[in-house]
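Reader: I have some questions about the terms used for this model. Can we take them one by one?

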Amino acid sequence: MGNKPSVSEGEDDEDRLPLSLKGAKSMGSELTNGGGEDADEEVELPPPMKPIQEPIVVTSTPPGVPDIEENPCKREQHSENQERNSVLRDAKSADALSDCGEPTNSHRELSAQCSSNEATALAFSGDESDKPSEDNVDGAKKIDSLLKKRRFVLQELVDTEEAYVRDLSLIVDGYIATMKDPEFEIIMPEDLRNGKDKMVFGNIKAIYDWHKDTFLRCLRRAIDSPTELAQLFRRYERKLHMYVVYCQNKPVSEYIVSEHLESYFEDLRVKLGHKLQLCDLLIKPVQRIMKYQLMLKDILKYTERAGLIAEAEPLRAAYEIMVIVPKAANDMMDVGRLQGFDGKITAQGKLLLHGLLTVSDVQGTVVGKNKELQVFLFEQSIILSEIVGKKTQFTSPQYIYKTHMQVNKMNLTVDEDAFVLSSTDPHKPIFAISCQAASQDLQDQWCSTIKNILQTQKDFLKAIQSPIAYQKELTKEAKPIESSCQENVIPEASLPEFRDKLRDVTVQCGAKVVLKCRVKKCGRNPKLNWKKLEPNLCILRSGRFLLGQEDEGVAMLVIDNAKLSDSGTYSVTITNEVGSCQCSALLTVTDPYPALQEPRIQVISCSSVLLEWESDYYHQFWIEYCQLGTGEWLSSNNNRVINSQTYTVENLIPGETYSFRIIAVQNKLVSLPSVAVTLPVADNLRWQQEQFKNRYVELKEISRGRFSVVRLAKDRGTNVEVALKQVTRRRQSHHVTQAEYGLLAGMQHINIIRSMALFDNAPLPGIDTIVLEL
């Protein structure tokens, strides 16, 4: 208001008039001293005085507003408070102000801003009992303070979103663009080529483009409307699930980055001029998706305390969405740490539940006794895994696959303190496991979730075996229509949509195949069309469609006694009077060969193990191993065929954890992974590592090749600079490194560099270092 005295919301014009003017106003019989006789007397008015500088706030407090402290440093007028507290003014107060001469204009300006005060006329009564209470004054201040705090959180949401987009641009426009440039001066290591560099970033470019082009602009427009902000999160709920995909890839990304963080990615960081390392930037999406729920929680809190119920409801729905999405993302990060599972995780359906269970064998020898395992319950299967490592501030545990059961071939038995899962798969050995949760609440949650999914499987089986009886049962359960008018109402037709699409299926020869999808808004008379698209187009006639309640239906294709020729891509098209929708899935039929058992492991030394296995059907094998944390299965002998049932794996890294598996050459059937084993660290190995670290100080990297890295170092004892050629055993065997060292050590020529020393497994396990003269 320019240079005028500050006026808080709800301040009355009459309160700022001189006190002598109050007694001169003619306000009718209510404001006279003795009655109506003296009301018409004219009173000479004194000269006008300056407005009173102390503001008097008169408002009413909405019921149910909690007490909070107000920040007195700033005051802000809100039109919402004026609307909420407005009452009719006494019409005569404006007439009284018109007699005040020049100050009238300034009073009218202030009065126009404070026209919603409910107690303006009461200030002229002269009766202390009619003046506004201090509680009402405090209530208005509290509401102003609450809305001001909410405004701060809304502004913080936009400001942090802008900073987040800037951080993502450092990755997309910096690292990704640079790594794609073939002429950039820093050459990408061979280990990151052939698509491995894409695993570092996942779908972060799609996240960046959406936030920059869409979400940030919508947030800026919604900053003044919390209701619009809530609708924004509800509208983009499905889009925000891209963070689930990103978090699923995060464990793989962390491992790849850790291998090159101090070398290649550090060189890129320095060249790009970034302050943060790549790993610090890649964690930003995980932190951001967790941050939304915290800020929405604060916005919802201040809105509810201010009594704005209409705005609170959509904000609560948005907050609940942003609680579910981060949880799903965090769950998929755990799933991403599962190693050794040969199936396709995305084909197992939705993750329903996961956590620690104490598991024991009831039948068979699969798990052992009282083993604490990480269990993942999906819609299609339940997977048991062994926990390796502990969760710390910087690391997370890994999960090594142990075994699994298909949900449609599983039975549940609930005991007093545990529940038993038994496999009914005729193609696998019979086994059953007893599971116990940490608390009774968790136990009940596991049991109820498994019961629900098994009941769904039973209903589906009943629908396949007796579709007519199942349809009648659905009709009986339908609620009767109460009024005859509703019987004549024809629902508005719309385009059919898939609630659950077809999923890829892998079965053995002779098994029964069921392809199923759920459709909503299918209409009264939907048409069904099944096709086999690959390898040869074929229209199928055996598909069924079951119409259920609420305009939903189930489309099923049943193939009995599946053959190898049945493998291919199948599609279903649902058509009603409005339009059609289509989805497809891949069916894979395999030979019914007997399964391979997991190998047994015997540790021979700190770098070698002996594998033994049994098989009457297969006679030629390949051996693969997986180092914990890599998620990559590698051949132990360059894919040479093994004709026996024992094999010694050598050149392993001491102190590391490995798992092994057998592959049959005949049909490439893969066995279950072995139990993870950690190799011991020899005393002489520790001694060599300590000697190396005490003698040499690494200065900088000189060059990098496919098998090794050459670094400049200084000998602490002689103070002479030397070159350290560090060879990775995964790429060059120790025997070749020893031969190279011996050859260079015997050379005596002015143009040939001579080797001075060889350190095995130093400075780190798995790396051999040749010390060369400069």
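This is a predicted model: local features need pLDDT of at least 70, side-chain atom pairs count only at pLDDT 80 or more; totals for chains, interfaces and linings use all residues.

Author: Start with helix H8, residues 226-235, and helix H13, residues 309-336. Pro226, Thr227, Ala230, Phe233 and Arg234 of H8 meet Glu311, Pro314, Leu315, Ala317, Ala318, Ile321 and Met322 of H13. By class, this contact has nine nonpolar, one polar and two charged residues.

Reader: Why are H8 and H13 called roughly parallel?

Author: Their axes cross at roughly 30°. Angles under 35 degrees count as roughly parallel. H8 and H13 are therefore roughly parallel to each other. The axes come within 8 Å.

Reader: What is the handedness of the crossing of H8 and H13?

Author: The crossing of H8 and H13 is left-handed.

Reader: What makes H9 roughly parallel to H13?

Author: Helix H9, residues 242-260, packs on H13 at an angle of about 25°. The cut-off is again under 35 degrees. So H9 is roughly parallel to H13. Their axes are 7 Å apart. The crossing of H9 and H13 is right-handed.

Reader: Which residues make the contact of H9 with H13?

Author: H9 gives Tyr243, Val244, Cys247, Gln248, Lys250 and Pro251. H13 gives Val325, Ala328, Ala329, Met332, Met333 and Gly336. By class, the contact of H9 with H13 has nine nonpolar, two polar and one charged residues.

Reader: Why does Cys626 count as buried?

Author: The relative accessibility of Cys626 is 5%. Buried means under 20%. Cys626 therefore counts as buried. Its place is in strand E20, residues 621-627.

Reader: What does Cys626 touch, not counting residues up to four places away in sequence?

Author: Cys626 touches Gln339, Gly631, Glu632, Trp633, Thr657, Tyr658 and Ser659. Take Tyr658: Cys626 and Tyr658 are 32 residues apart in sequence, but 5.6 Å apart in space, C-alpha to C-alpha.

Reader: Which residues have the most contacts inside the largest nonpolar core?

Author: They are Phe201, Leu229, Phe233, Phe265 and Leu282. The core has 80 residues. Helix H5, residues 134-180, brings the largest share, 15 residues.

Reader: What is Phe265 in contact with, leaving aside its neighbours within four places in sequence?

Author: Phe265 is in contact with Tyr175, Met179, Leu192, Val200, Val257, His260 and Leu278.

Definitions and conventions. Residues are numbered from 1 along each chain as its sequence is written. Side-chain values use heavy atoms; hydrogens and water are left out. Axes are lines fitted to C-alpha atoms, for helices over the stretch in contact, and angles run from 0 to 180 degrees between N-to-C directions. Helices (H or I, at least four residues) and strands (E, at least two) are DSSP runs, numbered from the N terminus. Angles under 35 degrees count as roughly parallel, over 145 as roughly antiparallel, 65 to 115 as roughly perpendicular and the rest as oblique. A crossing is left-handed if the near helix is turned anticlockwise from the far one by less than a right angle, and right-handed if clockwise. Contact means heavy atoms within 4.5 Å. Ala, Val, Leu, Ile, Met, Phe, Trp, Tyr, Cys and Pro count as nonpolar, Asp, Glu, Lys and Arg as charged, and the others, Gly among them, as polar. Buried means under 20% relative accessible area, exposed over 50%, partly exposed in between (1.4 Å probe, protein chains only). A nonpolar core is a set of buried Ala, Val, Leu, Ile, Met, Phe, Trp, Tyr and Cys residues joined through side-chain atoms within 4.5 Å.
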